[in-house]
Amino acid sequence: MSWNEPGGDKKDPWSGRNEKNDPPDLDEVIRSLQDKLGGIFGGGSKGGSSNGPSMKGVGLLAAGAVILWGLSGFYTVDEGTRGVVTRFGAYVNTTQPGLNWHMPAPVEQVLVINVEQQRFIEVGYRSGGGQGMGSVPKEAMMLTKDENIVDVRLAVQYQVKDAKDYAFNVLDPASTLKQVTESVQRGVIGRSDMDFVLTEGRSDIVLAVKSEIQSVMDAYKTGILITSVNLQDAQPPEQVQGSFEDAIKAREDKQRLINEAEAYSNDVVPKARGAASRIVQESEGYKEKVIARANGDVSRFSQLLTEYRKAPAVTKQRMYIEAMELVLGRSNNVLVDVKGGNNIMYLPLEKLTNKVAEESSPAPVVSHEPVSLPSPPVKEIKTDTRASSRERDVRGR
């Protein structure tokens, strides 16, 4: 008959256990426990007699309890955390990361504090929950130096730099930091003008707020290190947003016009300076030219004077001829000497030359003999007899 068939043996041939799932007898369990305890303390249940507990058993039990109590004092401090050990509530020491031991409770207790966690607080707004980035007017509205109101929202990040101070010196470090931040922020904003807060002064305000918060927290010995201060937003109240935007646009237009004027000035002024420099240089060049020419004329006249003193008549004749060549060389008029008369004939030779050039005929020959021309009519100019005599004298020479 198989072991699991009805009427067969209910013991499992592999484990030796009875497959019968009947509930255990409670009296049997209690009796078995009493027998075991009696064996430990030296008592016996046979014959109904019981001896007092054995000192050896009590000692072993006590020793086991002490060992278990001592083993419960081992604890592990993770990386980035510190363990603050207290003995009956008083500070004992701070343990570093790793396996450590302290006297188990209730003598000593360990408070593990994360010193590398980045914590933050929000002043003037709330980023979590259903409010979103909603402003908190009670914290955000601040008065500036020029008696204007601005809505400032600030976020402060910090971490623990001293676990002992953080655990014992302040009851609620986060609440203390928030109150200090709000107080310092109002002080810094109160020392600044509105335009400075809203435009170019944001970085200066952040640095000032961070420095003052750290100073106050160090004075309180809170064990907190301020890692960063972020100015989330700074703007005028919602009621005057429109007017403020108009003022910003006007300021931007002003700056734009200033930039355009400076650009025009930078374009025109160098050109004017260049033109002025060119004129000055041309003037200097003209000055040097005139001086050089004058010096040359003086030198030439000096040389002529020397030659004149050597031979006055020859020098006079040469100077006269050169002067006449210079004067008559630039004139289109031709003077014709008429024998036996004192009249000077004026001939429009420029018209004649143009006509001859058009006809491709050779140029007319000018002589001292009277020339009869068909047309145009000759204009006769009467001159003084004395002037004619002087001219004849000159020619005679």
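Predicted model: local features only at pLDDT ≥ 70, side-chain atom pairs only at ≥ 80, totals over all residues.
Colleague: Sheet to begin with. Which strands form it, and in what order?

Modeller: Three strands, in the order S3-S2-S5. The sheet is open, and the pairing is antiparallel.

Colleague: Which are the edge strands?

Modeller: Strand S3 (90-95) and strand S5 (108-114). Each pairs on one side only.

Colleague: And how are neighbouring strands turned against each other, on average?

Modeller: By 25°, with direction ignored.

Colleague: Over how many bridges do S2 and S3 pair?

Modeller: Five, in the antiparallel sense. Strand S2 covers residues 81-87.

Colleague: Give me a landmark there. What stands opposite Val 84 in S3?

Modeller: Thr 94.

Colleague: Helices now. At what angle do H5 and H7 pack?

Modeller: About 135°, with the axes 9 Å apart. H5 is residues 173-190 and H7 is residues 202-220.

Colleague: Why is H5 called oblique to H7?

Modeller: Because the angle is about 135°, and roughly antiparallel would need over 145 degrees. That makes H5 oblique to H7.

Colleague: Left-handed or right-handed crossing?

Modeller: The crossing of H5 and H7 is right-handed.

Colleague: Which residues meet there?

Modeller: From H5, they include Leu 177, Val 180, Val 184 and Val 188. On the H7 side, Ile 205, Val 209, Ile 213 and Val 216 are among them. Gln 185 in H5 and Glu 212 in H7 are also part of the contact.

Colleague: How does that contact split by class?

Modeller: It has 12 nonpolar, three polar and one charged residues.

Terms used: Residues numbered from 1 in each chain as written. Heavy atoms only, no water. Pairing = 2+ DSSP bridges. Helix = DSSP H or I, 4+ residues; strand = E, 2+ residues; numbered from the N terminus. Axes fitted to C-alpha atoms, helices over the stretch in contact; angles between N-to-C directions. Parallel < 35°, antiparallel > 145°, perpendicular 65-115°, else oblique. Left-handed = near helix turned anticlockwise from the far one by under 90°. Contact = heavy atoms within 4.5 Å. Nonpolar A, V, L, I, M, F, W, Y, C, P; charged D, E, K, R; others polar.
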